[in-house]
Amino acid sequence: MGIYHVGVLAGDDIGPEIVPQAVRVLAAAAEITPGLEIKFGDFPIGAAAYRATGHTLPPGTLEKLAETDGWILGPIGHAAYPRNDPDAINPHPIIRRHFDLFANVRPARSIQGIHALHQNVDLVIVRENNEGMQPDRNMFKGSGEFMPTPEMALSIRVITRHGSGRIARAAFELARAREKARATAGITHPIGDGPRVTIIHKRTVFKLSCGLFVDTAREVAAQYPEVQVDEHQVDSFACALVMKPQTFDVVVVTNMFGDILSDLAAGLVGGLGLAPGLNVGERYAMAQATHGSAPDIAGRNIANPYAIMISAEMMLDWLGQRRCDTAAIRAAQRIEQAIYRVIAENIARTPDLGGRATTTEFGDAVVDLIRSSA
Ligand code: ATP
């Protein structure tokens, strides 16, 4: 029996509306999958935790998360937290750093029937998560952004051989796994010519930092001869992504470039409501949608739970793959198929996708399909 301990951190604004739907679909899949049990534990975080305990990341949370296998983190609306209170921190960079969740895996995939700028897109952006330009996570102590004088602001960008090597390995492993899954399912990638990793950089300008990133990624590439490799400058890649996103499979990229490009990719296939993400390290996985806490639509039960559901499904698949647990992998496939069917067959669509379903009704529809697949 595969038993998984999953933490649930609802987050802010739409978080308490969408995260429970992700929990429901995991629970429904476990219910109908022999040999799979998922135990959930709630952890307060964000504005609600601040109101209850005076901390947006209550003391002891990291220690308790360390006892789980992975967790679902709802969106964090830290822009609305009180300023100048050190207990009102943005918790997610701290969690990513503490558990060394160095890879942020962000798929952008077309869904049949969804009106979008492009169809037949199936790519994944593998973004380095703990270095780069993000000032709240690229330093041991202090901030990577500072002002030596009131008239000058500086930002430090951190690129290491270690960080570049492991994100590249994560990308090549993913390309290999995606090709294997396509072969098993008897399908081909829209470009139809095997696994491919695209390395993104701006080494013409950042000769040392992007140079180190690309050279390290090339060294890793040599260990995966069956994977095709190409390289793009980030600016020309942005153009290629907008014009022909179908030609990309796995894209490996540094932190800030990846953050921007993954939102762009989400926009090509239907928007931020359709942008899942998984943060992974050596030992833990954290499901976290790419979108923010959407305060403009919070409290109305109309947010699209697709991204957080797919993120949770990706986490279950990742945990199952690590343990070679076919029950968990099969359950993740059932969840994915059910979610795609609900949207593609227009069984339920939230308003951002042109439908009228509430967040809860979308969850109901996915749960019903999962149960009927037993
Ligand atoms: P952050 O900086 O925290 O990533 P953001 O400023 O990019 O956040 P979001 O909170 O992601 O902004 O919201 C951007 C727009 O997308 C808003 O109009 C919001 O309502 C919409 N949006 C985001 N997530 C969803 C969702 N799950 N369902 C429907 N609409 C969403």
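Asp 100 forms a salt bridge with Arg 166, with 2.7 Å between the closest N and O atoms; a salt bridge here is a side-chain nitrogen of Lys or Arg within 4 Å of a carboxyl oxygen of Asp or Glu. This is a predicted model, so to speak of local features takes pLDDT of at least 70 and side-chain atom pairs count only at pLDDT 80 or more, while totals for chains, interfaces and linings use all residues. Residues are numbered from 1 along each chain as its sequence is written, and side-chain values use heavy atoms, with hydrogens and water left out.

**The two domains**

- The protein splits into domain 1 (1-102 + 276-374) and domain 2 (117-269), with bounds from an automatic or database domain assignment.
- Their C-alpha centres sit 24 Å apart.
- Nine residues from domain 1 and 13 residues from domain 2 make the contact, meaning heavy atoms within 4.5 Å.
- About 1,000 Å² is buried between domain 1 and domain 2, with carbon and sulfur atoms giving 41% of that; buried area is the accessible area (1.4 Å probe) that two parts lose on being put together, summed over both.
- On the domain 1 side, Arg 96, Arg 97 and Phe 102 lose the most area to domain 2, together 63% of what that side buries.
- The salt-bridge count between domain 1 and domain 2 is one.

**Helix α8**

- Helix α8 (residues 255-269) has 15 residues and should span 21 Å at 1.5 Å a residue; its end C-alpha atoms are 22 Å apart, which agrees. The expected span is 1.5 Å times one less than the number of residues, and helices (H or I, at least four residues) and strands (E, at least two) are DSSP runs, numbered from the N terminus.
- Its buried residues are Asn 255, Phe 257, Gly 258, Leu 261, Ser 262, Ala 265, Ala 266, Leu 268 and Val 269. Buried means under 20% relative accessible area, exposed over 50%, and partly exposed in between (1.4 Å probe, protein chains only).
- Look down the axis of α8 and those buried residues fall within an arc of 160 degrees, so they line one face of the helix; the arc is taken over the directions from the helix axis to the C-beta atoms.
- What the buried residues of α8 pack against includes the strands β4 (103-109), β5 (122-128), β8 (196-201) and β10 (250-253), along with helices α6 (209-221) and α7 (234-243).

**Salt bridges elsewhere**

- The count comes to 21 salt bridges.
- Arg 106 pairs with Asp 259, the closest N and O atoms being 3.3 Å apart. Arg 106 is in strand β4 and Asp 259 in helix α8, so the pair ties together parts 153 residues apart in sequence.
- Arg 106 counts as buried at 8% relative accessibility, whereas Asp 259 is partly exposed at 27%.
- Glu 219 forms a salt bridge with Arg 161, at 3.9 Å between the closest N and O atoms. Glu 219 lies in helix α6 and Arg 161 in helix α5 (residues 161-185), so this pair links parts 58 residues apart in sequence.
- Both ends count as partly exposed: Glu 219 at 46% relative accessibility and Arg 161 at 49%.
- Asp 230 and Arg 196 meet through their side chains in a salt bridge (3.3 Å, N to O). With Asp 230 in strand β9 (residues 228-233) and Arg 196 in strand β8, the pair ties together parts that are 34 residues apart in sequence.
- Arg 196 is buried, its relative accessible area being 15%.
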